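Morning, everyone. I'll take you through one structure today. Have a look at it first, and then we'll go residue by residue.

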Amino acid sequence: MRIHEYQAKKLLAGFGLPVPRGEMVTTPAEARATAESLGGAVVLKAQIHAGGRGRAGGILKAESPAEAIAAASRLLGQPLVTAQTGPAGRIVRRLLVEETVDVARELYVGVTLSREEARIALLTSPRGGVDIEALAFRQPDLVLRQPLPPAAGLLPFQARQAAFALGLSGRGFAQAIDLLPRLVRAFEATDASLIEINPLVLTTAGSLVAADAKMEFDDNGLRRHDEIRALLDPNEGSAEELEASRAGLSFIRLDGDVGCMVNGAGLAMATMDLVALAGGRPANFLDVGGGVSEDAVGRAFAILSSDPGVRAALVNIFGGIVRCDLVAQGIVRAARERGVRIPVVIRMEGTNVEQGRRILAESGLPFTSESDMEAAARTAVRLAREEGGSR
Amino acid sequence: MSILVGAATRVVVQGLTGREGTFHAQSMLEYGTAVLAGVTPGKGGTRHLGLPVFDTVADAVRSEGVDASIIFVPAAAAADAIMEAAEAGIGLIVCITEGIPALDMVKVKAFLREKTARLIGPNTPGIISPGLAKIGIMPGPIHKPGPVGIISRSGTLTYEAVHQLTRLGLGQSTALGIGGDPIVGLSFVDVLGLFASDPQTRAVALIGEIGGSAEEHAAALIRAGYPKPVVGYIAGLTAPPGRRMGHAGAIISAAGGTASGKIACLEEAGVHMVRNPARIGEAVALLLA
């Protein structure tokens, strides 16, 4: 799960991270009021869950409260298209209005999970404000990566090492060795999967302040963090994805026209790949779970048939513990209840597959049955194309 | 022969009395697995499915001499269950549970560094040595004994590959899922090592997916010289970056983890890569012909 910059700053300030003074606002009038209370010159930052905001014009400076109104009016309610949003962009509904910061240097600090080492890792670079992955690739010497001992957290010598690598001295150095362990504690205390302060600014006055903050959380950890779940912005991410996750389905919308419904995440990805291999484009990733209840099948059907972009559906079920005849009954019931608007190609294999296929055939519903998943994908792609042509 | 589990493996089920534990313990018993005990804290001294139930794994080890454990404990308590099994001296721990927080697994991995236990999973269908023992939730009847070792990060996609092989008359030595989470126990590299020295295994099918670098590490091991032919398939060529594809570990990050990168890496290491998941069985059959 991701949160907005203003939420991350507030959360991390609670752990002792120095952040600029500021407020989240949703109207130009609020932007002016905040600018006034901050003493005039402010920066207005569009709050969307995507990077690349600066280059896309989502971060504006205002020298006065009047300018703040104008800037807020230009951003609020408008789509912002960045390198990470896709061509449609995201509607800007919230702004962070902050005091301006006098920048001497921009640094990078990140906390992440190193999968292979099964440890938390601290990343630091004296070259902040840039794409850190690209920098790590081009100039690995400029990025210090420190895996942390699992029980101890960031040790004092590691904090010093990082502060030296950041090129700090004096007050900035003292601040950094206090700040870095706090970030690691914040990561652990919230079940985060990523904290990025990019840039961490060394001001002309010689102190550190977080000009930006990005946080992501481990979805598996959210169960024990009501305070993080409460930060979810329902406007970010699609409504169907949210509804699907509530129904226990794993659903991701893509831009193709062959809707997929599969049991198991690996088989679901493989099915999407088969659609592409057959010359088509998958409309979604949809995993109804290894178990496949009738209810899950019904909801999955509803999602596929309510998507106007879907021109044919491909159902791929490997019946293991779950029997194909029960899955077939679920599909038939869901199709009878909701109607079948698009061609549906069904491939089932595994336990009780013969009974399952018979139930589908005898239902009288316009299903196309295939026994091979490659053939099923080809048929679905062909039917989607015909359906597209007939409109 | 097989790897990790055989007819002599003595199994305890952690979470035996729950719905999942009961259902799958029954299925494992029917398969012929030597399931000898269950553990449910607070229900020690009772019996379930005809098996003795203990309060702790240590009690089950002392009383029944179990040496492998399968875990059906809810996600919030599963990391603790793994560590309890390791502390009790269990040699092989199979954790089926999905949804364990990653930071819990950081603790578990640190704990296991000082123990002898091997961990399979979490978020795995488990392990099966066909005809000998099944410690998992996979459908037993699609398997048959034979020469092919299977390692995978997924569930139903593995069943699919097994089914293809069995239909072609090719059985399996052992099939196991290493788990779909970002932090898991045994890796592809560990399991490839075990298959290398297993006389029954004549070829290996490796089924990977986007996210992490387990496949890249496997490629490095194979490139350095692997004694058996390996067929590979990677799921997720059409997966968008930055989105978690069902499995917690299946995500393309800025640091990498793309299917195309993994395919290139394995191909370069000499693995016979299959682009079409419906043709995994055929590819193995060709190699063994």
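N123 of chain B is buried, because 27 other C-beta atoms sit within 10 Å of its own, and 20 or more is what counts as buried. Keep in mind that this is a predicted model. Where is N123(B)? It sits in the loop between β7 and β8 of chain B. In general, most residues other than glycine have a negative phi, and most peptide bonds are trans.

Stay in that loop. P122(B) lies there too, between β7 (118–120) and β8 (126–129) of chain B. Which kind of peptide bond, cis or trans, runs from G121(B) to P122(B)? It is cis, with omega near 10°.

Over to chain A. A118(A) also has a positive phi, about 55°, and A118(A) is not a glycine. Look for A118(A) in the loop between β7 (103–114) and β8 of chain A. Is A118(A) buried or exposed? A118(A) counts as buried, because it has 22 C-beta neighbours inside 10 Å. Chain A has a cis bond as well: it joins N198(A) and P199(A), and omega is about 10°. P199(A) is in a strand, namely β10 of chain A, residues 192–203.

Next, confidence. Chain B averages a pLDDT of 95. In chain B, 100% of the residues score at least 70. For the model, ipTM is 0.93 and pTM is 0.93.

Now the domains. Chain B has domain 1 at 10–120 and domain 2 at 138–288. Their centres, taken over C-alpha atoms, are 26 Å apart. How many residues does each domain of chain B give to the contact? Domain 1 gives nine and domain 2 gives eight. On the domain 1 side, α4 (102–112) and β7 of chain B each supply at least two residues. α4(B) gives the most to that side, with four. By class, the domain 1 side has seven nonpolar, no polar and two charged residues.

Chain A is divided into domain 1 (1–20 + 102–237), domain 2 (22–100) and domain 3 (239–389). Between the centres of domain 1 and domain 3 of chain A, taken over C-alpha atoms, there are 42 Å.

How do the two chains meet? Chain A puts 46 residues into the contact, and chain B puts in 48. On the chain A side, the elements giving two or more residues are β8 (119–125), β13 (250–253), α9 (265–277), β15 (284–287), β17 (344–350) and α13 (373–389). Which element of chain A has the largest share? That is α9(A), with eleven residues. By class, the chain A side has 21 nonpolar, eleven polar and 14 charged residues.

On to the cores. The largest nonpolar core has 208 residues. Those with the most contacts inside it are L286(A), L314(A), A380(A), I71(B), I82(B) and I93(B). α9(A) gives the most to this core, eight residues. Take L286(A) and leave aside its neighbours within four places in sequence. Its contacts are then L249(A), F251(A), C260(A), M261(A), V262(A), A268(A), A300(A) and I303(A). There is also a second, separate core of 21 residues, including A71(A), A72(A), L95(A) and L96(A).

Now a helix pair in chain B. Two packed helices are described by the angle between their axes and the distance between the axes. Helix α6 (residues 188–196) and helix α7 (residues 214–223) of chain B pack at about 35°, with axes 8 Å apart. From α6(B) come F188(B), V189(B) and L192(B). They meet A214(B), E215(B), H217(B), A218(B) and L221(B) in α7(B). The residues of this contact divide into six nonpolar, one polar and one charged.

Last stop: L144(A), in strand β9 (residues 144–147) of chain A. L144(A) is partly exposed, because it has 18 other C-beta atoms within 10 Å. Beyond its neighbours within four places in sequence, L144(A) is in contact with T124(A), S125(A), A162(A) and A165(A). What separates L144(A) from L44(A), 100 residues apart along the chain? The distance between their C-alpha atoms is 32 Å.

Methods
Residues are numbered from 1 along each chain as its sequence is written. Chains are lettered from A and ligands numbered from 1 in the order in which they are written. This is a predicted model: local features need pLDDT of at least 70, side-chain atom pairs count only at pLDDT 80 or more; totals for chains, interfaces and linings use all residues. Two residues are in contact if their C-beta atoms, placed from the backbone, lie within 7 Å. Ala, Val, Leu, Ile, Met, Phe, Trp, Tyr, Cys and Pro count as nonpolar, Asp, Glu, Lys and Arg as charged, and the others, Gly among them, as polar. pLDDT is the predictor's confidence in each residue, from 0 to 100. Domain bounds come from an automatic or database domain assignment. A residue is buried if 20 or more other C-beta atoms lie within 10 Å of its own, exposed if 12 or fewer, and partly exposed in between; C-beta atoms are placed from the backbone. A nonpolar core is a set of buried Ala, Val, Leu, Ile, Met, Phe, Trp, Tyr and Cys residues joined through C-beta atoms within 7 Å. Axes are lines fitted to C-alpha atoms, for helices over the stretch in contact, and angles run from 0 to 180 degrees between N-to-C directions.
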